[in-house]
Amino acid sequence: MSNSRVAGRIFFKVDGQQYSVKAGITYNLGIAKRESMSDASHEHFYKESAQVPYIAGELIDKNNVDVAMFLALDDVTITAELANNKTIVLRDAWQTGEGEVNAEEGMLGFKFEGKSAEEVK
């Protein structure tokens, strides 16, 4: 039996504590970014730039969420279990989002950046 689901349901944890998040998080494993370059003789090269790994999304602001505590999180491990059976692990992470809460939608935007990330299948 194949599993054709690639998107949708998500489980999001900070140091093992599960939080409710809106589906649609984004992540970057921190792999070097390559940019193409050319010289005057049309020879082509590329350069690499470091990127900071991150996981970003929107937290559902339930009445038991301590917004100030969540925004101050530092040195945590973030785990996102995706619908496609991948797990993204971000280690030694800190919260860098702006901390804006959308009260009408009940959402808190977040972005955790960290020292390393990996994709576990």
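## Getting oriented

Helices (H or I, at least four residues) and strands (E, at least two) are DSSP runs, numbered from the N terminus. With that in hand, the protein has one helix and eleven strands. Read from the N terminus on, the elements follow the order β-β-β-β-β-β-α-β-β-β-β-β. The radius of gyration, taken over C-alpha atoms, is 17 Å, well over the 14 Å that the globule rule gives for 121 residues, so the protein is more spread out than a compact globule. That rule is 2.2 Å times the number of residues to the power 0.38.

A word on what you are looking at: this is a predicted model, in which local features need pLDDT of at least 70 and side-chain atom pairs count only at pLDDT 80 or more, while totals for chains, interfaces and linings use all residues. Residues are numbered from 1 along each chain as its sequence is written, and side-chain values use heavy atoms, with hydrogens and water left out.

## The protein as a whole

Taken along the principal axes, the box filled by the C-alpha atoms of the protein is roughly 60 × 45 × 30 Å. The protein exposes about 8000 Å² (Shrake-Rupley method with a 1.4 Å probe), and carbon and sulfur atoms supply 46% of that area. Residues are sorted by relative accessible area: buried means under 20%, exposed over 50%, and partly exposed in between (1.4 Å probe, protein chains only). By this scale, 26% of the 121 residues count as buried.

How far apart in sequence are residues that come into contact, meaning heavy atoms within 4.5 Å? Among contacts between residues at least 6 apart in sequence, 60% join residues at least 24 apart.

The protein carries 13 positive and 19 negative charges, and their mean positions are 8 Å apart. Here Lys and Arg count as positive and Asp and Glu as negative, while His and the chain ends are not counted. Each charge is placed at NZ of Lys, CZ of Arg, CG of Asp or CD of Glu.

## Charged pairs

Side chains of opposite charge can pair when their charged atoms come close. A salt bridge is a side-chain nitrogen of Lys or Arg within 4 Å of a carboxyl oxygen of Asp or Glu, and the structure holds six salt bridges. One of them joins the side chains of K13 and E81, at 3.3 Å from N to O. K13 lies in strand β1 (residues 11-14) and E81 in strand β7, so this pair ties together parts that are 68 residues apart in sequence. K13 is partly exposed at 23% relative accessibility, and E81 is partly exposed at 27%.

Another salt bridge links K22 and E58, at 3.6 Å from N to O. K22 sits in the loop between β2 (17-19) and β3 (26-28) and E58 in strand β6 (residues 54-60), so the pair connects parts that are 36 residues apart in sequence. K22 has a relative accessible area of 42% and is partly exposed; E58 is partly exposed too, at 31%. K111 also forms a salt bridge, with E113, and the closest N and O atoms are 3.6 Å apart. K111 counts as partly exposed at 29%.

## Two residues and their contacts

Is T79 buried or exposed? At 18% relative accessibility, T79 counts as buried. T79 belongs to strand β7 (residues 74-81). Leaving aside neighbours within four places in sequence, T79 is in contact with F11, F12, K13, T87 and I88. K13 is also the partner of E81 in a salt bridge.

Q51 is found in the loop between β5 (44-49) and β6, and at 30% relative accessibility Q51 counts as partly exposed. With neighbours within four places in sequence again set aside, Q51 is in contact with N28, G30, I31, A32 and K33. The C-alpha atoms of Q51 and E119 are separated by 16 Å, and these residues are 68 apart along the chain.

## Two positive phi angles

Which phi value does D15 have? Its phi is positive, about 45°, although D15 is not a glycine. D15 lies in the loop between β1 and β2 and is exposed, with a relative accessible area of 51%.

D75 has a positive phi near 55° and is likewise a residue other than glycine. D75 is placed in strand β7, and at 54% relative accessibility D75 counts as exposed.

Note on methods. Contact = heavy atoms within 4.5 Å.
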